[in-house]
Amino acid sequence: LTAQRRALHWTDSPDGHTTGDRAVTRSRRARILATLFGLAVLPAVIWVHRIHVDRPSRFMILLNADIFGYFYPSAAFIHRALHQGSLPLWNSDELAGQPFLGLHVPGALYPPNLVLMGLLEPGHALAAGFVFHVAIAGIFTWLFAGRLGLGDAGRLLAALVYVLSGASTFGIYMPAFLATQAWLPAILWALHGLLVEGRLRFAVA
């Protein structure tokens, strides 16, 4: 035990902690921050690869056509209406004109859409929406896996599997679907915390 303490530069401190304890805590905190940073950056890498490297606009097929033929024009319409100080109530450019505000697919009243499409140009808003939702999905999968008792490697693997699954990456072309499934890990995390700990913060979440 003495040799182990020397190897860890183990010394007592006034607050009751040891140098070894602090080193372990700092190392774990660094790993957590690196993991969260990686899960936040990975969706941006996926977007750049699928949109700017793969460039699906060159070979539009049924699976990716909607992002160009529907979601981008819808984002442009929402952006234009918000910048004119109004809500996108009626879209005269689609079909022979139709009510727009209550449509569930473009999600004009979905809070992240209101913020992103109000602040950013349509293409940037779609990119930021994908990165935001996939990052949320990965981070809360990692948190939920931790609540279930998985170790560091298991938590990271669970998050990567969910983020890199076909359903998540397909969200590039179907933002409405992605916005739904991205919140599932967060809902499970909050429900598990509410049932196990009964804390108010999980009920609020």
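This is a predicted model: local features need pLDDT of at least 70, side-chain atom pairs count only at pLDDT 80 or more; totals for chains, interfaces and linings use all residues.

**Notes on the salt bridges**

I started with Asp-152, which is partly exposed, with a relative accessible area of 37%.

Next I asked which residue Asp-152 meets in a salt bridge. I found Arg-28, with the side chains meeting at 3.1 Å, N to O. I then looked up where the two sit: Asp-152 is in helix α6 (residues 152–163) and Arg-28 in helix α2 (residues 19–53).

I checked whether anything else joins in, and Arg-31 does: Arg-28, Arg-31 and Asp-152 are linked in a network of salt bridges.

**Second pair**

I moved on to Asp-93 and Arg-80, whose side chains meet in a salt bridge at 3.5 Å, N to O. Asp-93 lies in the loop between β1 (90–91) and β2 (98–99), while Arg-80 belongs to helix α3 (residues 65–83). The two are 13 residues apart. Are they buried or exposed? I have Asp-93 down as exposed, with a relative accessible area of 59%. This follows because exposed means over 50%. Arg-80 is partly exposed, at 39%.

**Third pair**

Glu-197 forms a salt bridge with Arg-147, and their closest N and O atoms are 3.1 Å apart. I traced Glu-197 to helix α9 (residues 184–197) and Arg-147 to helix α5 (residues 122–147), 50 residues apart. This is another pair that links distant parts of the chain. Glu-197 is partly exposed, with a relative accessible area of 35%, and Arg-147 is partly exposed too, at 23%.

For the tally, I wrote down that the structure holds 4 salt bridges. A reminder to myself: side chains of opposite charge can pair when their charged atoms come close.

**Stepping back to the whole protein**

How many helices and strands are there? I count 10 helices and 2 strands. Along the sequence the pattern reads α-α-α-β-β-α-α-α-α-α-α-α.

Of the 205 residues, 34% count as buried. I also looked up the contacts: among those with a separation of 6 or more, 58% are between residues 24 or more positions apart. Last, the accessible surface comes to about 12,300 Å², and 68% of it belongs to carbon and sulfur atoms.

Conventions: Residues are numbered from 1 along each chain as its sequence is written. Side-chain values use heavy atoms; hydrogens and water are left out. Helices (H or I, at least four residues) and strands (E, at least two) are DSSP runs, numbered from the N terminus. Buried means under 20% relative accessible area, exposed over 50%, partly exposed in between (1.4 Å probe, protein chains only). Contact means heavy atoms within 4.5 Å. Accessible areas come from the Shrake-Rupley method with a 1.4 Å probe; for residues, only the protein chains shown count as cover.
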